[in-house]
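Please open the structure in a viewer and keep the selection tool at hand.

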Amino acid sequence: MSAFESPGDRSRAPRGRRADAERSRTAVLDAAVRLLAERPDAGMAAIAAAAGVTRQTVYAHFGTRDALLDAVADRITDQAMAAMDEAEESGGPALDALLRLQDIGWRLFERNPVLLQLGSSRGAADQARHEPVAARLTRLIEKGQASGEFDPAPPATWLVAAVTALGHAAGDEVGAGRMSVEEAATWLRTTTLALLGVAPRNP
């Protein structure tokens, strides 16, 4: 330590470096979300340029492109959860809230086609991202069964699993190019209503 440096100066330096690193990581992630929404195949170099940093900086924060895609998916999931919480808290029939949840998910899916690259992974990270969605679906389905909106016979856990599987199937159809996002969203809604024992609604 120099004669002009106090212990406090030394303790502040690591915190400052950590803050700088966190700002840099956030900038990279923000740029990745924006760029991948427009160019789902964008590479690390393009993302680095969009963030105004070097490619080495991107790799320092996210060791691989897959790791960066996971972070992007986590960011999008956080946005979806906030929107879903707002939709659920607005009250009203369980069916309306459930359809709003599906609509929120598909709007994010449409705006972020990079999610197609993760749709078939079904890995631990993907499962963890679906857990809070499943919790919300469970609450709404149990509410709808209690109010008589949904068929009360099937276990709520089975209906949640089935609705989730339908969502994955819809995403797979879009990813394979067999359906547009709009077509998949329409048939997902129609099939979900049938599964829950609800008469079809007009979109």
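The term pLDDT denotes the predictor's confidence in each residue, on a scale from 0 to 100. It applies here because this is a predicted model.

**The whole chain.** Begin by colouring the protein chain by pLDDT, which averages 84, with 85% of the residues scoring at least 70. Select H2 to view the helix where confidence is highest, at a mean of 96, and then H1, where it is lowest, at 80. In a cartoon view, the protein chain displays eight helices and zero strands. Of its 203 residues, 33% are buried. Among contacts with a separation of 6 or more, 64% join residues 24 or more positions apart.

**The annotated span.** Next, select residues 43-62, which UniProt lists as "DNA-binding region" in an unreviewed entry. This span is 75% helix and 0% strand, and its end C-alpha atoms lie 13 Å apart.

**The nonpolar core.** Now show the side chains of Leu36, Leu68, Val72, Leu98, Trp106, Ile141 and Phe150, the residues with the most contacts inside the largest nonpolar core, which has 52 residues. At least two residues of this core come from each of H1 (7-38), H2 (44-51), H4, H5 (94-111), H6 (124-147), H7 (156-175) and H8 (181-196). In soluble globular proteins, nonpolar side chains tend to be buried together.

**Trp106 and its surroundings.** Keep Trp106 selected and display its contacts. Beyond its neighbours within four places in sequence, Trp106 touches Gly167, Ala170, Gly171, Val174, Val181, Ala184, Ala185 and Leu188.

**The second largest pocket.** Which residues lie nearest the centre of the second largest pocket? They are Asp103, Trp106, Ala185, Thr186 and Arg189, from a lining of 13 residues. H5 and H8 each supply at least two residues of that lining. The space in this pocket amounts to about 260 Å³.

**Ala87.** For the last stop, select Ala87, which lies in H4 (residues 65-89). Is Ala87 buried or exposed? Its relative accessible area is 8%, and because buried means under 20%, Ala87 counts as buried. Setting aside neighbours within four places in sequence, the contacts of Ala87 are Arg100, Leu101 and Ile104. To finish, draw a distance between the C-alpha atoms of Ala87 and Ile104: the two residues are 17 residues apart along the chain, and these atoms are separated by 9.0 Å.

Note on methods
Residues numbered from 1 in each chain as written. Heavy atoms only, no water. Helix = DSSP H or I, 4+ residues; strand = E, 2+ residues; numbered from the N terminus. Buried < 20%, exposed > 50% of the residue type's maximum accessible area, 1.4 Å probe, protein only. Contact = heavy atoms within 4.5 Å. Core = buried A, V, L, I, M, F, W, Y, C linked by side-chain atoms within 4.5 Å. UniProt positions renumbered as here; feature names shortened; annotations may be inferred. 1 Å grid on protein atoms, 1.4 Å probe; cavity = no way out; pocket = protein on both sides within 12 Å on 5 of 7 lines; lining within 4 Å. Points joined across faces, edges and corners; volume = space filled by probe spheres on them.
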